[in-house]
Amino acid sequence: MTRERALRPAVIGASAAALGIVMAVGGQSLLRTAVVLWFLGVCPGLALVGAIRLADPWLEAALTLALSFAITVLVALVTAYGFGWSPPAALAVVVTLTLAGGAAQLLLPGERLAPRSLA
Amino acid sequence: MRTTGRASGGLAAAASTTRSSGAGVARARALLDAARSPGGASRALSHALEVAPIAVAAALWILSMLAVDPREIGDIGLIGALPAGTFAAFALACVGFAIAISRPRLSTPLILLHVVALVVMLYGATSVIDKEPAFNVVWRHAGVVDHIATTGDVDATIDAYFNWPGFFLWAAAVSHAAGLDSTLDWSGWAPVVFELSYLPALVVIARAFTQDQRLAWGGVWIFYLTNWVGQDYFSPQAISYLVYLAVIAVALTCFARRGRLLPERWRDRRDRLLVKARVRAPGLLLDPEPPAVHPLQRSALLLVTVVLVGAVVAAHQLTPWMIFGSLVALVLFRRSSATGLPGIVFLLLLAWLSYMAAAYLGGHLKPMLGQALDLNESVSANIGSRIAGSEGHLLVVKLRLLMTAIVWALAVAGAVRGLRRGRSRASFAYLALAPAAFVILQPYGGEMLLRVYLFSLPFTACFAAQALAPSGHAWTSWRAGLRVALVGMVAIGGFLYTRYGNESATLFTSQEVRSIERLYDLAPQKSLLVAASPNLPWKQRHYADYRYRLLSSRFDPGPGFRPAVLAAEVAAYMDRERHRGKAYLVLTRSQRNYDELLGAQPWGSATELQRAVTVSPRFRPVIVNADAAIFELRGGEVGAR
């Protein structure tokens, strides 16, 4: 396994662990806010976009940020309209999806499928 | 590393420019050249010199911003209260960027550092100055999130926000996970965070425009220098714009297509006409070759795009329509291979409007359709009604119109320049023009022109950069560096007026905020809370627990109105609205400034109203200080607690 292939799952795993720790510790802190914003703002997208194996890091970054928001919104919508608004449930679903996406990246072929420069 | 010859050339160039008026950039470049020569200092020193201007600029900016007194902000906005150090900081940032982009070998990390620093400096000003989050809408949005978080209720009958709750649910999830009581605790730096989040997509878009990396970064830089519309506060549209950029970035790269719209015969005729009009040189107009995309990737990206649009359809009224319009334009003009995508977007929009936003549309569809295609209404709402207010504010409004016109004029010049050089970027022209159709379709509360400017900006900025860019390899000349620095300084001068022109009204003091908090403590729920205009820090909690009214939009005393009886008329209005519960009139410093800035209401100003109710027997003052005056309406209530 290449280091590049393992990087995203490692980042996702570490971020999920950090999220678990700050939430377990509880309270209000800048660190907790930063970890939550990092996780919900980056990790869901990173877990799924990484699987597309885009060669352009800028495009990957753009989709990562947008998709992170989209996934959290869609999960929250389903929770709110389908089962009644429950932030812990929504968060649990997002974390599960993210970890599953990160793990799936380890199983996918490693090569990049598009030219590095899209310009 | 550069050669000694190049270094001496640079020194010679620097020596000549020292005599000219714009010697700063050349002098700095000469220092760098000297540092890189074999006999000069180490590479580390040269890198330090390249980073020095932006590092000093950032330090100066922070120190200057901390020295700003919000009470000194007048009707021309923040620029009137900025210390001289701020301008020096921005000038240095421009010089630093000029040095970085005219470097013989372009360094992406160095350019990136300059762009990120510029974004923080341009968009973080109020985040540093404010003790309280700025802009009344941010407080309202915090209230919607608070309502969802505390009640779990997404009741579509409350107001429009609850018909497009995607963003608010997202924010409620973040607040919950972060253990925070209110989004006001973490939304202060939203403009900077949102603007930085746009950066990757902007880079992809700019690189789809040109293979010249300097020109691409120039386009990104111009975007940030001219994005004055202020739609990046904590709001659904700010995060939806990120999705818009991401979708367009995919469309311009992975779904790009070099289609031909006209038959060959017509194309030849058109090309001959363009050559005759000297708009373009003879020969083929070339669009960049679209990249090869693996079928699996293409399918995955289509799915990702649908997910993105699915989320934004639930988060914001306008953005999915802009995405739809842009994708339709690309497909119609055969510039996108994802021909079914606009149809999917339309179905998602239709489904949401039919089922989830039906409550809102039920009451608003008729007036919305009535305004559609009404150009007079659109021009009046978007331009006419905005050219009003104090002398300083009129200057700001005119500068906004001027800046918009300049960006569009530069975009046209850049498009023509590209054509003359055999570079067609038809997709970008379609994407720049597509949002304009919405001005005719819907005035959007007088904000459509702003939104059109914003949604066109990624593309107009690229064309504008092409208009201003030096030709060919001239990027590395001192003249090019000087030009970049000067363009930056002029644009920032305009930006500080246009972006921060309303700051005297949008900033809130701690005393105003505390007064509203005390009002919530003393007013029974279901009471009527009335303000003169929307410009105050309220609704951040108890969003649906009180009945809120604005005199600016609801109070119409009719033709026989006399200012002498203003207090009596307002009391009568509040009596009618309060349904026998308690009623409070809330007047704040920010409402007074709002009237001074934008002009008073037909019935008078917040200042006149405060004067009138202070002496009226119908009103009893309950909270009075320098920044807020809250009055309770006497008589008529039957204890609503």
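Strand 3 of chain B and strand 5 (residues 628–633) of chain B run antiparallel and are joined by five bridges; strands are DSSP runs of E with at least two residues, helices are runs of H or I with at least four, and both are numbered from the N terminus. Two strands count as paired if DSSP finds at least two bridges between them.

This is a predicted model, in which local features need pLDDT of at least 70 and side-chain atom pairs count only at pLDDT 80 or more, while totals for chains, interfaces and linings use all residues. Residues are numbered from 1 along each chain as its sequence is written, and chains are lettered from A and ligands numbered from 1 in the order in which they are written.

Strand 3 of chain B also pairs with strand 1 (residues 528–531) of chain B; these two run parallel and share four bridges.

| Partner of strand 3 of chain B | Bridges | Direction |
|---|---|---|
| Strand 1 (residues 528–531) of chain B | four bridges | parallel |
| Strand 5 (residues 628–633) of chain B | five bridges | antiparallel |

Is strand 3 of chain B mostly covered or mostly open? It is mostly covered, as six of its six residues (583–588) are buried. A residue is buried if 20 or more other C-beta atoms, placed from the backbone, lie within 10 Å of its own, exposed if 12 or fewer do, and partly exposed in between. One side of the strand carries B:Ala583, B:Leu585 and B:Leu587, and the other B:Tyr584, B:Val586 and B:Thr588.

B:Arg580 lies in the loop between helix 26 (566–577) and strand 3 of chain B. This residue is exposed because 11 other C-beta atoms lie within 10 Å.

Chain B as a whole contains 28 helices and five strands, and 52% of its 641 residues are buried.

Between the chains, 37 residues of chain A are in contact with 46 residues of chain B, a contact being two C-beta atoms, placed from the backbone, within 7 Å. On the side of chain A that touches chain B, helix 3 of chain A gives the most, with 16 residues.

The mean pLDDT of chain A is 89, and 87% of its residues reach 70 or more; pLDDT is the predictor's confidence in each residue, from 0 to 100. Over residues 115–119 of chain A the pLDDT is below 50. Where pLDDT is low, the predicted coordinates should not be read in detail.
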